[in-house]
Amino acid sequence: MDALRVQGGVRLSGTTSVDGSKNASLPAMAAAILSQGTVRLRDVPPLSDISNMQRLLAEIGCSVDTDDRDVTIRTTDPTSNHARYDIVRTMRASICVLGPLLAARGEARVSMPGGCAIGDRPVDLHLRGLEALGATIELDGGDIVARADRLRGTTIFLGGPFGSTVLGTANVMCAAALAEGTTIIESAACEPEVACVADLINAMGGDIRGAGSPRIEIHGVSELGDADMTIIPDRIVAGTLAMAAAMTNGDVQLTNFPHDHLLAVLDRLSLAGVQVERTDDSQHPARCDVRVTSARRLQPVLFTTQPYPGYPTDLQAQLMALLCMAEGNSIVTERIYPDRFLHVSELTRMGAKLIRNGPTVVVQGGCQLIGAPVMAGDLRGSAALILAGMAARGETIVHRVYHLDRGYVRLEAQLNALGAGIERFNAD
Ligand code: EPU
């Protein structure tokens with residue numbers, strides 16, 4: 001199993017570009033099932049989750065061709081509709097084929113996703129939304145089986161106990177795109193990844209308005225066709241790179257940076273003493289160039305994870321690592337996945353002073369992190385450990401980096417190009 005050896009005490013400098021978004025690519029690839037033509041997606045990052053989605057689409061009757069970062073998808077066998085446990089257990093995002101399969105093929109059989117390292121991740125809202133459109137849903141041998149002769153538009157409230165659902169909104173929106181009549185989703189997820197999927201469906205000939213807001217209006221059409229679209233930049237990768245620059249007291253230029261998708265993050269970073277300035281005059285605030293620098297003394301901040309446009313849960317671990325170095329105590333509250341704290345015990349092994357009480361962690365700042373062997377437990381936590389390793393004194397070994405490879409394209413190579421000293425090796 002691969003591990004990373006991270007040399008501490010480096011200072012990052014130089015320029016790097018942000019990859020296309022994993023969490024937009026996955027539901028967009030699934031949405032391609034809705035099309036009777038050819039869907040080409042550009043700037044899809046080459047990650048293990050993306051290859052899993054390619055494998056899944058191939059198993060359910062799609063041809064998938066890749067050319068560098070372009071992925072072209074076309075349905076070849078519309079009778080196929082079973083997303084099996086073997087794949088779903090490797091990637092929970094497989095659930096996002098449910099709505100597209102149901103709408104395009106009248107029946108979908110998708111293995112119910114199981115437990116997850118970051119906590120309970122139910123799919124009840126996905127199912128309730130599809131039922132509201134007229135689907136019948138049953139559980140058979142661990143598979144969710146959804147059927148409908150014709151889906152019918154309606155008004156659906158899709159909020160749950162933790163707010164909106166990103167992939168649930170994508171699933172219901174995809175199904176409604178081919179339903180008869182108009183669907184209104186209230187309490188829809190506003191994440192840019194949902195808006196990206198809506199843009200793709202509209203490019204195929206769909207009629208979706210309001211995606212990116214809590215009220216999405218979908219006018220069903222009878223058929224969807226070809227589309228060619230570039231995936232949005234990955235706001236979580238962008239935020240991770242900005243924090244890496246700040247934690248190493250670096251000076252880094254980031255291109256393809258989704259500035260306006262990160263306003264809550266930039267707000268907290270600015271309070272902590274990290275400057276992220278736009279350095280271009282382009283008209284695309286969600287795809288621009290920035291320079292990241294930081295004050296020598298970082299300040300503590302309070303932050304709470306929330307659905308978009310609030311502070312994202314997928315950047316909670318990384319900012320916690322940064323705040324270990326701030327001069328004072330910070331408070332981190334996790335409202336999306338109250339148990340998403342696998343990194344807390346590992347950061348503690350590196351000398352961080354963290355006190356957890358339920359969904360809240362007090363970070364006692366001002367500590368010098370010290371390199372140690374640590375174990376990545378999930379994707380974003382792994383990134384946080386690498387950031388901590390670069391800021392630490394001495395050497396850190398991060399084990400189980402397969403978690404990292406699900407969401408970052410060779411992060412160590414990208415950081416090494418900025419002056420980091422990170423080596424990948426086989427730790428078996
Ligand atoms: N929830 C329910 N019922 C549902 C669905 C969700 O109660 O039917 C709850 C969840 O348990 C959670 C909250 O609602 O407390 C939000 O979950 P959401 O459905 O929005 O999560 P997701 O769509 O399954 C995506 C990302 C996650 C990211 C979350 C939240 C993808 C592939 N995954 O998951 O990304 O954390 O949104 O922003 O888009 C990651 O990339 O590291 C990652 C975990």
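A salt bridge is a side-chain nitrogen of Lys or Arg within 4 Å of a carboxyl oxygen of Asp or Glu. The model is predicted, so local features need pLDDT of at least 70 and side-chain atom pairs count only at pLDDT 80 or more, while totals for chains, interfaces and linings use all residues. Residues are numbered from 1 along each chain as its sequence is written, and side-chain values use heavy atoms, with hydrogens and water left out.

**View A. Salt bridge between Glu138 and Arg147.** The side chains approach to 3.5 Å, N to O.

**View B. Salt bridge between Asp49 and Lys22.** The N to O distance is 3.7 Å. Asp49 belongs to helix α2 (residues 48-59) and Lys22 to helix α1 (residues 22-31), 27 residues apart; helices are DSSP runs of H or I with at least four residues, strands runs of E with at least two, numbered from the N terminus. Asp49 is buried at 2% relative accessibility, and Lys22 is buried at 6%.

**View C. Salt bridge between Asp70 and Arg40.** The closest N and O atoms are 3.0 Å apart. Asp70 lies in strand β5 (residues 70-75) and Arg40 in strand β3 (residues 38-42), so the pair ties together parts 30 residues apart in sequence. Asp70 is buried, at 14%, whereas Arg40 is partly exposed, at 28%.

Technical notes: Buried means under 20% relative accessible area, exposed over 50%, partly exposed in between (1.4 Å probe, protein chains only).
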